[in-house]
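Student: Could you walk me through this one? I have not looked at it before, so please take it slowly.

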Amino acid sequence: MKGNDIRESYLSFFENKKDHLRLKSFSLIPKDDPSLLLIGAGMAPLKPFFTGKVEPPRHRITTSQKCIRTGDIGNVGYTARHHTFFEMLGNFSFGDYFKKEAISWAWEFLTEVIKLDSSRLYVTIYPDDKEAYDYWHTMIGLPENHIYPLADNFWEIGEGPCGPDSEIFFDQGEEFGTDPENQMGGDGDRFLEIWNLVFSQYDRQKDGSYLPLAKKNIDTGAGLERLAAVLQHKKNNFETDLFFPIIEEASTLSGVSYGKSAQGDVALKVISDHARAITNMIADGILPSNEGRGYVLRRILRRAVRFGKLLGIQDPFMGHMIDVVIDMMKPAYPELLDKQAYIKKVAGMEEERFQTTLNAGIDLLSEMIEDTQKHNEKNISGERVFKLYDTYGFPWELTQEIAAEKGLSVDKAGFEAAMAEQKERARAARAKVSAKVATPDTTKLDISSLSTIDEDGTTKLLLVGK
Ligand code: ATP
Ligand code: MG
Ligand code: MG
Ligand code: MG
């Protein structure tokens, strides 16, 4: 089953068989939601329907939502299942059906529509959720040893609607590993999490107590790329038809074949993953910048360029990658075609700009790494790294990543101290100059105000301000 067919069969199952309203994916840019930087889950754009702030067009909705999870960036290429950009299939109930239907329809879709082998399916439940246990065990007939209680299975963010969840896993087989990581509950890829069913049944109060919600909701999310991997019997998402042509393009551009070396494969996967993220972020109106979501885009794009460099790609290449991404995604997202030239232009300009920075910075950083190793040290001086950043705008994360590849770390405290010192010098200098001060250099990023992006893409960030 092709990726595009899986998406369609999911949406039409819930639309035609279960009476849901099918909506198009919402933009990656959250609307009227300052708590979110980017959409990282199918439920995120539907929040006003969950809280009751806005009346939904129907009490059952289904979508395939474009998502970005920057928190997973470090996993990309290393696990079989994580992307920065992916599509989340979801069915939602706003005060309509609840646990029983959510569980039985998920099972019906998996075992009857896409025909997964039910003996390889496992679920986790919240330990106190006796109801979920009974539905899985008694109604569905799932054996007890396929049902894992897990204290983590409770979904909440601060006050408001929250509740237990239940996740569905597919056992990809022992060849994925037999170590503890690859047992149920471990973080390996053998038991692949394909679908999360969230039962929002409580209303968390200010004082931390939980009251039952008058109108209970269902929020589910299933990764399209993961379902494709399972259905296409592939070891990882990147080998599915949703990805492989992008990998092949990166391979053609670099002359590095897929499957030849672990390091080469990581780079090919990172470039392909990031090409999808870049294409969709720019299409949704994000521009590279030094703050907020523009910074996320810049960081992803620069990372892709650097991995291209690692593979030996000399010329600008993002444009070619974007062509392939659009060609593959256009059946589901025809609007990408109208924006193709624009997306390539934006990405291309940023790529060129970064090439200049990279070339200058990489040579200097190599010297620093050699120096550090010569002195048998494990930590690169923060002061020197700051110079690299200050003079060349060389991103801090990149320094850290390149250093880590050589088994070194960077003295962050020293870096921050140098930054603070420089700020102080600048402040003092400004104080001397009476009125007009030079405009700040926005090409450089102030990492001291860089806050983290949560795993689920929520809150935090909004950095900078030099
Ligand atoms: P994992 O434990 O594998 O990181 P998760 O528990 O963080 O996944 P959820 O937040 O429950 O994922 O999201 C719902 C579904 O979306 C997951 O079951 C999975 O199929 C898919 N998904 C989540 N994160 C990613 C990602 N980074 N790339 C691709 N698919 C993802
Ligand atoms: Mg999980
Ligand atoms: Mg999950
Ligand atoms: Mg995760």
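**A strand and its partners**

Tutor: Strand 4 pairs with strand 7 (residues 160–171) in the antiparallel sense over four bridges; strands (E, at least two residues) and helices (H or I, at least four) are DSSP runs numbered from the N terminus, and two strands pair if DSSP finds at least two bridges between them. This is a predicted model, in which local features need pLDDT of at least 70, side-chain atom pairs count only at pLDDT 80 or more, and totals for chains, interfaces and linings use all residues. Residues are numbered from 1 along each chain as its sequence is written, while chains are lettered from A and ligands numbered from 1 in the order in which they are written.

Student: Which residue of strand 7 is the bridge partner of Tyr122?

Tutor: Tyr122 has Phe169 as its bridge partner in strand 7.

Student: And how many bridges join strand 4 to strand 5?

Tutor: Three bridges join them, with strand 4 and strand 5 (residues 147–149) running parallel, and in strand 5 the bridge partner of Val123 is Ile147.

Student: Is strand 4 buried or exposed?

Tutor: Five of the five residues of strand 4 (residues 121–125) are buried, so the strand is largely enclosed by the rest of the structure. A residue is buried if 20 or more other C-beta atoms lie within 10 Å of its own, exposed if 12 or fewer, and partly exposed in between, with C-beta atoms placed from the backbone. Both faces are covered, with Leu121, Val123 and Ile125 buried on one side and Tyr122 and Thr124 buried on the other.

Student: OK, switching to the ligand. Which residues come nearest to ligand 1?

Tutor: Of the 17 residues around ligand 1, the nearest are Asp72, Phe86, Asn196, Gly221 and Gly223; a residue is near a molecule if its C-beta atom, placed from the backbone, lies within 6 Å of it. Two or more residues of this shell come from each of strand 3 (85–94), strand 8 (191–204), strand 9 (210–223) and helix 5 (224–231). Strand 8 gives the largest share, four residues.

Student: What classes do the residues of that shell divide into?

Tutor: There are five nonpolar, five polar and seven charged residues in the shell around ligand 1. Here Ala, Val, Leu, Ile, Met, Phe, Trp, Tyr, Cys and Pro count as nonpolar, Asp, Glu, Lys and Arg as charged, and the others, Gly among them, as polar.

Student: You mentioned helix 5. How many of its residues are buried?

Tutor: Seven of its eight residues are buried, so helix 5 is largely enclosed by the rest of the structure. The buried ones are Leu224, Glu225, Arg226, Leu227, Ala228, Ala229 and Val230, and what covers them includes helix 1, strand 2, strand 3, strand 7, strand 8 and strand 9.

Student: What follows helix 5?

Tutor: Helix 5 is followed by His233, whose phi is positive, near 50°. His233 is not a glycine, and most residues other than glycine have a negative phi. His233 is found in the loop between helix 5 and helix 6 (244–254), where His233 is exposed, with 9 other C-beta atoms within 10 Å.

Student: How is the chain divided into domains?

Tutor: The domain assignment gives domain 1 (3–231) and domain 2 (243–413), and such bounds come from an automatic or database domain assignment. The C-alpha centres of the two domains lie 31 Å apart. Their contact takes 16 residues from domain 1 and 18 residues from domain 2, two residues being in contact if their C-beta atoms, placed from the backbone, lie within 7 Å. On the domain 1 side, helix 1 (3–17) and strand 2 (60–68) each supply at least two residues.

Student: And where does the largest nonpolar core lie?

Tutor: That core has 101 residues, and those with the most contacts inside it are Ala106, Ile278, Ala304 and Met321; a nonpolar core is a set of buried Ala, Val, Leu, Ile, Met, Phe, Trp, Tyr and Cys residues joined through C-beta atoms within 7 Å. Domain 1 and domain 2 both give residues to this core, so it lies between them. Helix 7 (residues 262–283) gives the largest share, 10 residues.

Student: What is Ala106 in contact with?

Tutor: Leaving aside neighbours within four places in sequence, Ala106 is in contact with Ile168, Trp195, Leu197 and Thr220. Apart from this core lies another, of 14 residues, among them Ile380, Ile402, Val410 and Phe415.
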